[in-house]
Amino acid sequence: MLTLLHRCGRTLLTPSTVRAVDRTFYSSQMGKRVAVVLSGCGVYDGSEIHEASAILVHLSRGGASVNMFAPSIDQMHVVNHLKGEPSEEKRNVLVESARLARGDIQDLSKLSVKDHDAIIFPGGFGAAKNLCTWAVQGKDCSVNDEVRATLQAFHSEGKPIGLCCISPVLAAKVFPGCEVTVGLEKDDKYPNTTDTAAAINQLGCKHVNKSVTESHVDDKNKIITTCAFMCNAPIHQVFDGIGSMVQDVLKRA
């Protein structure tokens, strides 16, 4: 449709026309069943709340049905988000994730690949602390067994996997040779991207530089990634980048 519009002249590309194109795309994705895997509630020890919400908004706009899951395990630790310091509490990842899911969430062990067309992992430190140990061990980390099995199951079925922020490191650990993005290297707006990208490359994967509003598609592995809050960007730009990722996931589901 966009090609036809370009041929007819730029004057046709009005805001209302663009919205009509968006509606056409999203209506074609109706009925896709997507699993969203959370890692707790809160950026420093769980799922990044804005990223998780953005994923859900874009999936809703796309007409997808969503089921949320989380592993029933202890968090690596609990962080006081006001002070930015660890506390002595212990919390369960599934119980904390239920806050984000408004209580409508299941144990990750119950996720059936056959009942879903795609899967998406929001970022937040929980992805690097609870779903794997990247936060403390970097490229030498281990991935939670259920998380690894889930990723491998979707990959084996040729179903798309979406990951944002720091969660693309999960794909880098599980799928050697895959392509992911965690932002732009050697750019002050992406303070942790250069070191993370280097570790990803050391694992035998390929880091691809993409800005916060973009997503990268590894078509061979059906892995779609965007950097989200790996960039110090306004929230609307993070929202747009996640929207690009979700659209790319739904196109391939």
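1. **A starting pair.** Arg33 has Ser65 as its bridge partner in strand 2. The bridge belongs to a parallel pairing of strand 1 with strand 2 (residues 65-70), which spans five bridges. Strands pair, by the rule used here, if DSSP finds at least two bridges between them. Strands here are DSSP runs of type E with at least two residues, helices are H or I runs of at least four, and both are numbered from the N terminus.

2. **What the model is.** This is a predicted model: local features need pLDDT of at least 70, side-chain atom pairs count only at pLDDT 80 or more, and totals for chains, interfaces and linings use all residues. Residues are numbered from 1 along each chain as its sequence is written, and side-chain values use heavy atoms, with hydrogens and water left out.

3. Seven strands form an open sheet in the order 5-2-1-6-7-11-10, and the pairing is mixed. Strand 5 (106-107) and strand 10 (216-218) are the edge strands; each has a single partner strand, so one side of each has no neighbour in the sheet. As a general point, strands of a sheet pair through backbone hydrogen bonds, either parallel or antiparallel.

4. Strand 2 pairs with strand 5 in the parallel sense, over two bridges. Here Ala70 stands opposite Asp107 of strand 5.

5. **Helix 3 on the sheet.** Helix 3 packs on the sheet and touches strand 1, strand 2, strand 6 (118-121) and strand 7 (161-164). The direction of helix 3 makes about 175° with that of strand 1. Such angles run from 0 to 180 degrees between N-to-C directions; the axes are lines fitted to C-alpha atoms, for helices over the stretch in contact.

6. **Strand 1.** Strand 1 (residues 33-37) is mostly covered, with four of its five residues buried. Buried means under 20% relative accessible area, exposed means over 50%, and partly exposed lies in between (1.4 Å probe, protein chains only). Strand 1 also pairs with strand 6, in the parallel sense, over three bridges. Val36 has Ile120 as its bridge partner in strand 6.

7. **Strand 6.** Ala118 and Ile120 point one way from strand 6, while Ile119 and Phe121 point the other way. All of these are buried. Strand 6 runs parallel to strand 7, and three bridges join them. Ile119 stands opposite Ile161 in strand 7.

8. **Ala118 in detail.** Ala118 sits in strand 6. Ala118 is buried because its relative accessibility is 0%. Neighbours within four places in sequence set aside, Ala118 is in contact (heavy atoms within 4.5 Å) with Arg33, Val34, Ala35, Phe154, Pro160, Val249 and Ala253. The C-alpha atoms of Ala118 and Val66 are separated by 9.9 Å, although these residues are 52 apart along the chain.

9. **Helix 10 on the sheet.** Helix 10 lies across strand 1, strand 6, strand 7, strand 10 and strand 11 (223-226). The helix runs at about 170° to strand 11.

10. **Where the helices meet.** How do helix 3 and helix 10 cross? The axes of helix 3 (residues 49-61) and helix 10 (residues 235-252) come within 9 Å and cross at roughly 50°. That makes helix 3 oblique to helix 10. Under 35 degrees counts as roughly parallel, over 145 as roughly antiparallel, 65 to 115 as roughly perpendicular, and the rest as oblique.

11. Helix 3 contributes His50, Glu51, Ala54, Ile55, Val57, His58, Leu59 and Arg61. Helix 10 contributes Ile235, Phe239, Ile242, Gly243, Met245, Val246 and Leu250. By class, the contact has ten nonpolar, three polar and two charged residues. Nonpolar covers Ala, Val, Leu, Ile, Met, Phe, Trp, Tyr, Cys and Pro; charged covers Asp, Glu, Lys and Arg; the others, Gly among them, are polar.

12. **Two lysines to check.** Lys186 has a positive phi, near 55°, and is not a glycine. Lys186 lies in the loop between strand 8 (179-180) and helix 9 (193-202), and is exposed at 78% relative accessible area. Lys222 also has a positive phi, of about 55°, and is not a glycine. Its loop is the one between strand 10 and strand 11. Lys222 counts as partly exposed, at 26% relative accessibility.

13. **Asp187.** Asp187 is found in the loop between strand 8 and helix 9. Asp187 is partly exposed, with 28% relative accessible area.
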